[in-house]
Amino acid sequence: MFLAIVAAALLCMAVTGYSFLEGNHEVYLLEPLRRSGLASFAGDPFVTETLQYHGLFSFVASYLFHWNVAEAGFLIIFLALGFTLAWAWWRVVRHLGGGIAAFLASVVAYHVFLGDRALGIYSMLQDGQFNAGNVAAVGLVVALAGAFERRWYLAAFGFGLAGGFHLNFSLICPLLFLLLAWKSGDRWRKLIGPGIVAIGPSVANVGVALPAKIMAGAGEQMSLARFVELYAELRHPHHYDPLVWPWWVWAVVLAPLPLASLAWWRHRDRWSLPGTTLAFFVCLQAVALVFAGIWYVNETMIQASLWRFSPHMKWLAVCMGSVWIFNESRRAQLLAAATLVVSLISLLIYRGDLEIPVQPTSGRTILQAAAWARAESPPDSLFLVPPGVGSAFPVNARRGHVVSFKLVPQLAGELEPWARRLGDVVGSDDITQYTGGFTGYEQARRAMDADYHARPTNELIDAARRHDADYVVVLRSDTPDDFEPVFTADGVAIYEVP
């Protein structure tokens, strides 16, 4: 069993890889760096003027930076997440009645279906790193393992961890805990203590974020249509615009559900809590599709990111199907084989169109600029950076930046100023011209950088001056005669704003 858990953990982490100061760290680590005193980000509108909503993660990460153990600490925590995920996964499979073979098969099958990704291109170990979303995702798996076994304090710990670390989970975890507690039939007196542990962190997390949301709503007003245009269709089509997702994403992610449904029907008396949980996750995806996809109801429904729970839906369906295949049914084995063959054929047919949005790896040139800025510029300097790749700059340089495409505010009241800054930097009156489809984020990122670098250096310096920036970063080798860069390297130049 121990070796099976180790093998499963290593497989999960091998699929995701590991990253530090890249991917979502470019967004989530700015506030911890500021709290730790290692960066001021003075004048950076993203850090100083928008909601930083990962409070518990920022608290932990800031101390790791403060103690100068961030690089090692993040790796250790990520490894702990990987092994904890595998351990809880095994407990769920064992509760369903499966053995080691079913467990390992479920781990392999889960990753066959679009790797660690699911609808909305969310995953349980996003970017292969210690971040708030990954702690919450693994915490939820631990919670379900405890709830299925009716070990309510273990379940409460998992639900509390998930809800305390990530705001999206703090909206859903209390509902799921109450549903499973009611469905279990256990006496409510027995569940009062676990309920406080499970729900308390979520209530606290919402309580911290709610005033900021209310205050942002009292600021600059934005129509729902404009919010959808900027937030869902331009910036996050792979997360929030399900109508542009290719059919094969839906087919591959939903493929395990029919087999899981048949398995549940066969074991419905013993699988009451797992079946209820799977139905809950399916309902969340249906609600997201209807009310935050086909019809966008309001800003909050979009921000709830219900697609974030689709990896758990896929995971639980695979666990249920794998146990049934290995334990009982010849027909289930044939159905599973047919499902796998159809999925693989679909992938092969569309292998030329399988571009899946991923977090881009930080380029060498922008990292060179960041290294110079960190070593040579004053700590309170503000930089104008290429909007597409510039998100890697502030976390590595520990200096503020004017705007980047990736570092987008979450609230409507904060979104329009971000859009204006972005348009001013790329020289566009309407940044929705960059809107694309399923891979629109990556296309927009590249197009914005192309327009940024097509502008004459004097225009970029004028834009920097309008936003009180001290330096301009360009990723090109040519240096105009009338502007002398303060730093040049292969493919990058930095100009001081006069």
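**Labels and their grounds**

Mentor: Cysteine 173 is buried, with a relative accessible area of 1%. The model is a predicted one.

Trainee: Why is cysteine 173 called buried?
Mentor: Buried means under 20% relative accessible area. Cysteine 173 has 1%, so the label applies.

Trainee: What makes cysteine 283 partly exposed?
Mentor: Its relative accessible area is 48%. Partly exposed lies between the buried limit of 20% and the exposed limit of 50%, so cysteine 283 belongs there.

Trainee: How do you know that cysteine 173 and cysteine 283 are too far apart for a bond?
Mentor: A disulfide needs two cysteine sulfur atoms within 2.5 Å. The sulfur of cysteine 173 has its closest cysteine sulfur in cysteine 283, at 17 Å, so the two are too far apart for a bond. From the side of cysteine 283, the closest cysteine sulfur is that of cysteine 173, again at 17 Å. A search of the whole structure finds 0 disulfides.

Trainee: Why is isoleucine 294 called exposed?
Mentor: Exposed means over 50% relative accessible area. Isoleucine 294 has 54%, so it counts as exposed. This residue lies in helix α16, which covers residues 272–294.

Trainee: Which residues form a nonpolar patch on the surface with Ile294?
Mentor: Leu243, Val290, Phe291, Trp295 and Val297 form the patch with Ile294. Together the patch residues have about 560 Å² of accessible area.

Trainee: Where is valine 408 found, and why is it called buried?
Mentor: Valine 408 is in the loop between β2 (400–401) and α22 (412–426). Its relative accessible area is 4%, which is under 20%, so valine 408 is buried.

Trainee: What is valine 408 in contact with, leaving aside neighbours within four places in sequence?
Mentor: Its contacts are Phe46, Arg235, His236, Leu415 and Trp418.

Trainee: How do you know that the radius of gyration of the protein chain agrees with that of a compact globule?
Mentor: For 498 residues, a compact globule would have a radius of gyration near 23 Å. The protein chain has 24 Å, so the two values agree. Along the principal axes, its C-alpha trace spans about 80 × 50 × 45 Å.

Trainee: How many helices and strands does the protein chain have, and what share of its residues counts as buried?
Mentor: There are 24 helices and 5 strands. Of the 498 residues, 58% count as buried.

Methods: Residues are numbered from 1 along each chain as its sequence is written. This is a predicted model: local features need pLDDT of at least 70, side-chain atom pairs count only at pLDDT 80 or more; totals for chains, interfaces and linings use all residues. Side-chain values use heavy atoms; hydrogens and water are left out. Patches are made of residues with over 30% relative accessible area and no salt bridge: like charges are joined within 9 Å, nonpolar side chains (Val, Leu, Ile, Met, Phe, Trp, Tyr) within 5 Å. Accessible areas come from the Shrake-Rupley method with a 1.4 Å probe; for residues, only the protein chains shown count as cover. A salt bridge is a side-chain nitrogen of Lys or Arg within 4 Å of a carboxyl oxygen of Asp or Glu. Helices (H or I, at least four residues) and strands (E, at least two) are DSSP runs, numbered from the N terminus. Buried means under 20% relative accessible area, exposed over 50%, partly exposed in between (1.4 Å probe, protein chains only). The radius of gyration is taken over C-alpha atoms; the globule rule is 2.2 Å times the number of residues to the power 0.38. Contact means heavy atoms within 4.5 Å.
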